[in-house]
Amino acid sequence: MSIQTKKVLKRVTVNKILKMKGREKIVMVTAYDALFAKLFNESVDMILVGDSLNMSFLGERDTLSATVEQMIYHTRAVSRGADLPLIVFDMPFGSYTNEIDAVRNGSRVYQETDAQAVKVEGGRDRANVIEALTKNSIAVLGHIGLMPQFLRSDGGYRVRGKSEEDILTLIDDAKAIEDAGAFALVVEGVKEEAGERISEAVSIPTIGIGAGRYTDGQVLVWSDMLGIFEEFKPKFVKRYLNGAELIRGAMDRFVDDVKSERFPSREFIY
Ligand code: KIV
């Protein structure tokens with residue numbers, strides 16, 4: 001009898017992600033439930049339970065009304081589906097406005113879910129909050145550039161890093177986040193030069209979304225990349241599937257089969 005060696009796959013850790021900088025591109029995708037998390041489980045390095053779920057999953061106009069409870073609910077579902085990628089909980093708007101709230105809510109994430117890290121939006125102005133979290137042993141993924149939680153106060157989505165001055169501000173933000181102890185950084189919606197210079201300026205990995213080719217990794221929202229979210233398509237989104245079209249087509253065929261009494265046929269009857 002031949003002895004089969006079974007490869008034991010282990011969950012990606014924060015340390016593994018840190019070590020990937022300069023060696024291997026990091027791939028992160030969002031997921032909001034166990035069903036899809038399971039499909040992504042063996043391919044991606046990280047899964048972000050993003051507050052983007054408030055828009056693509058719940059149909060809200062923006063991410064701002066997402067709550068800690070809602071994010072915990074979805075993170076628990078994702079953890080049940082995926083046991084290999086590093087799972088990151090996106091701290092919703094208003095849940096980390098000061099150090100006390102940040103640590104209280106961040107602790108809830110570790111106590112009530114299997115996420116290994118939390119993500120917070122903001123640059124130097126949020127370094128105190130990131131430091132409070134990391135000093136309390138809560139791993140943090142930063143997020144700078146275009147920050148969806150600042151949508152209303154900024155008056156819209158704005159691509160960053162268009163001037164030298166703004167690139168220097170972004171680099172300063174990135175360094176402040178690194179110094180505060182974050183293990184990695186999402187860089188969203190910036191000119192490619194900014195993405196490249198930020199990535200060179202810090203020793204933690206950068207994960208870009210609309211930040212060009214030179215970040216240490218890339219993240220996309222699953223429903224954007226699979227062509228299911230149709231409300232709008234940012235320029236940086238590559239659709240790997242025409243999901244909405246395929247699903248509508250399947251649903252039309254089901255409706256057609258039922259109406260014309262082709263379904264259920266003999267093979268589907270007890
Ligand atoms: O909420 C989210 O999905 C995100 C990504 C866009 C990085 O923050």
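Figure 1. Asp 90 puts a polar side-chain atom 3.1 Å from an oxygen atom of the ligand. For Lys 119, an N or O atom of the side chain is 3.1 Å from a ligand oxygen atom. On its own the ligand exposes 260 Å², and the protein buries 96% of that (Shrake-Rupley accessible areas, 1.4 Å probe; for residues, only the protein chains shown count as cover).

Two notes on reading the legends: numbering runs from 1 along each chain as its sequence is written, and side-chain values use heavy atoms, with hydrogens and water left out. Since this is a predicted model, local features need pLDDT of at least 70 and side-chain atom pairs count only at pLDDT 80 or more, while totals for chains, interfaces and linings use all residues.

**Figure 2. The shell around the ligand.** Among the residues around the ligand are Thr 30, Leu 48, Gly 50, His 143, Glu 188 and Val 221 (a heavy atom within 4 Å counts as near). By class, the shell has three nonpolar, four polar and four charged residues. Nonpolar means Ala, Val, Leu, Ile, Met, Phe, Trp, Tyr, Cys and Pro; charged means Asp, Glu, Lys and Arg; the others, Gly among them, are polar.

**Figure 3. The largest pocket, with the ligand in it.** The ligand sits in the largest pocket, where sitting means that more than half of its atoms lie within 2 Å of the pocket's grid points. On a 1 Å grid over the protein atoms alone, a pocket is an open set of points with protein on both sides within 12 Å along at least five of seven lines, a cavity is a set where a 1.4 Å probe fits but cannot get out, and lining residues have an atom within 4 Å of a point. The pocket holds about 730 Å³, a volume being the space filled by probe spheres set on points joined across faces, edges and corners. Of its 36 lining residues, Leu 146, Glu 188, Ile 209, Pro 234 and Phe 236 lie nearest the centre. Strand 1 (26–30), helix 3 (53–56), strand 6 (184–188) and helix 10 (222–225) each give at least two lining residues (DSSP runs numbered from the N terminus: helices H or I, at least four residues; strands E, at least two).

**Figure 4. The second largest pocket.** This one has about 350 Å³ of space. Its lining counts 19 residues, with Val 27, Gln 218, Val 219, Leu 220 and Tyr 240 nearest the centre. Strand 1, strand 7 (206–209) and strand 8 (217–220) each contribute two or more.

Figure 5. One cavity of 30 Å³ or more turns up in the whole structure. The largest cavity has a volume of about 80 Å³, and its lining includes Met 147, Pro 148, Tyr 157 and Arg 160.

**Figure 6. Two backbone spots.** Phe 263 to Pro 264 is a cis peptide bond, with omega near 0°. Ser 137 isn't a glycine, yet has a positive phi of about 65°.

Note on methods. Polar contact = N/O pair within 3.5 Å; in protein donor to acceptor, adjacent residues only side chain to side chain.
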